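Here is a quick tour for anyone opening this structure for the first time. Have a look at the sequence and the model, then read on.

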Amino acid sequence: MTLDGLPPLREVIRSAGLRASKAFGQNFLLDLNLTRRIVARAGIEPGMSVAEIGPGPGGLTRALVESPAARIVAVEKDRRCIAALESLIEAADGRLSVIEADALATDFVSLVPAPRAIVANLPYNIATPLLIGWLRSIDDFDSLTLMFQAEVADRLLAPPGSGAYGRLSVITQWAATVRRVMELPPGAFTPPPKVRSTVVRLTPRADRQAVHLPTLEAVTAAAFGQRRKMLRASLKSLGAADQLLRAAEIEPTLRAEQLDIDAFVRLAHALSDLRGNGQDQAAAPQIRP
Ligand code: SAM
């Protein structure tokens with residue numbers, strides 16, 4: 001589908017009086033070649049449904065409407081953007097619905113039929129809590145193609161031993177394979193943000209080990225909460241740190257950033273056993289809490 005008849009995005013913004021709001025994290029992409037490139041890298045296949053968070057004036061949404069997606073559901077909190085999207089909704093011939101809602105309070109699994117993907121230039125102030133929510137049911141999605149501020153994307157991609165490696169790296173890399181798709185300078189956006197941005201694509205890991213996710217979260221929170229300390233000290237808040245480390249076959253003098261994902265999973269299993277919720281990990285191959 002081509003959308004040649006639509007007004008330029010700058011005109012849409014002008015006629016809707018859509019002055020970018022900081023509170024809504026609004027940094028718009030107005031270059032359709034760029035939004036098409038992002039969507040091309042998202043791997044949308046015919047028959048798939050796509051959820052977009054924060055369509056704004058619709059730059060990325062236009063590229064999604066041009067893609068083979070069967071259906072696009074865009075969730076936007078700013079009512080002014082919904083008005084600005086009217087001509088695109090009409091041009092999309094029933095394939096695009098725009099819902100006025102808070103993405104943080106939206107259940108995308110019941111809203112969007114499977115097979116489903118998410119493609120979004122996220123509002124940076126809520127990007128991490130949104131991602132953590134989706135990771136908790138990652139198998140419900142074929143892929144997530146998401147724009148983050150570069151510093152957050154670096155944490156998602158960070159290998160053990162690097163300075164950016166932390167709680168978010170462990171939870172994300174346990175749940176999904178993460179790939180860097182594209183880097184964007186501030187000047188690609190209107191208005192330009194203060195930071196660089198990175199698009200990453202996450203796909204559920206088929207080889208993931210079963211684990212009780214809240215326990216994995218507890219272990220990573222304790223370990224990285226005092227990342228400079230040795231694990232025998234940083235894990236004390238969980239109780240029986242020495243016993244946990246012995247059961248997980250981990251040297252007590254190591255620090256959190258030296259452990260790979262498998263080691264954190266072993267620690268979570270040891271903590272589950274200690275707390276008597278060891279059965280959860282067998283019964284819960286999904287990562288729902
Ligand atoms: N997709 C557009 C683009 O690429 O040009 C806009 C991206 S802008 C970075 C983030 C968008 O998310 C804005 O349109 C903003 O209004 C919207 N937004 C902010 N907070 C939101 C929330 N809690 N729920 C849904 N949308 C939100």
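## Around the ligand

Let's start with the ligand: one of its oxygen atoms is 2.6 Å from an N or O atom in the side chain of Glu76. Keep in mind that this is a predicted model. At Leu29, a backbone N or O atom lies 2.8 Å from an oxygen atom of the ligand, and at Ala103, a backbone N or O atom lies 2.8 Å from a nitrogen atom of the ligand.

How much of the ligand's accessible area does the protein cover? On its own the ligand has 590 Å² of accessible area, and the protein covers 98% of that. There are 21 residues around the ligand, and those that come nearest are Gln26, Leu29, Gly54, Glu76 and Asn121.

## Strands side by side

Glu76 takes us to strand S3, which spans residues 71-76. S3 is mostly covered, with 5 of its 6 residues buried. Its parallel partner is strand S2 (residues 49-53), and 5 bridges join the two. To spot the pairing, look for Ile53, which stands opposite Val75 in S3.

Now move along to strand S9 (residues 197-204), which pairs with strand S6 (residues 143-149) in the antiparallel sense over 6 bridges. Here Met147 stands opposite Val199 in S9. Strand S7 (residues 176-184) also runs antiparallel to S9, and 8 bridges join them. In that pairing, Arg180 stands opposite Val200 in S9.

## Aromatic rings

How many aromatic pairs turn up in a search of the whole structure? The search finds 3. One of them is Phe108 with Trp134, an edge-to-face pair at 5.9 Å centre to centre and with 80 degrees between the planes. This pair links distant parts of the chain: Phe108 belongs to helix H6 (residues 108-111) and Trp134 to helix H7 (residues 127-135), 26 residues apart. Are these two buried or exposed? Phe108 is buried, and Trp134 is too.

Another edge-to-face pair joins Tyr165 and Phe224, with 5.8 Å centre to centre and 80 degrees between the planes. Tyr165 sits in the loop between helix H8 (150-157) and helix H9 (167-175), while Phe224 is in helix H10 (residues 213-225), so the pair ties together parts that are 59 residues apart in sequence. Both Tyr165 and Phe224 are buried.

## Two residues in helices

Val109 is in helix H6. Its relative accessibility is 26%, so Val109 counts as partly exposed.

For a contrasting case, go to Thr35 in helix H2 (residues 32-41). Thr35 has a relative accessible area of 0%, so it is buried. Its side chain reaches the backbone oxygen of Leu32 at 3.1 Å.

Most residues other than glycine have a negative phi, and most peptide bonds are trans. With that in mind, here are some exceptions to look up. A cis peptide bond joins Ala114 and Pro115, with omega about -5 degrees. Pro115 is in the loop between H6 and strand S5 (116-121). Thr190 and Pro191 are also joined by a cis peptide bond, with omega about -10 degrees. You'll find Pro191 in the loop between strand S8 (189-190) and S9.

As for phi, Asp93 has a value near 55 degrees, which is positive in a residue other than glycine. Asp93 is in the loop between helix H5 (86-91) and strand S4 (96-100), and its relative accessible area of 64% makes it exposed. Glu249 is not a glycine either, yet its phi is positive at about 55 degrees. The loop between helix H12 (241-247) and helix H13 (261-275) holds Glu249, which counts as exposed at 68% relative accessibility.

How values were computed:
Residues numbered from 1 in each chain as written. Predicted model: local features only at pLDDT ≥ 70, side-chain atom pairs only at ≥ 80, totals over all residues. Heavy atoms only, no water. Phe/Tyr/Trp six-rings, centres within 6.5 Å; stacked < 30°, edge-to-face > 60°. Helix = DSSP H or I, 4+ residues; strand = E, 2+ residues; numbered from the N terminus. Buried < 20%, exposed > 50% of the residue type's maximum accessible area, 1.4 Å probe, protein only. Near = heavy atom within 4 Å. Polar contact = N/O pair within 3.5 Å; in protein donor to acceptor, adjacent residues only side chain to side chain. Areas by Shrake-Rupley, 256 points an atom, 1.4 Å probe, with all protein chains shown as cover. Pairing = 2+ DSSP bridges.
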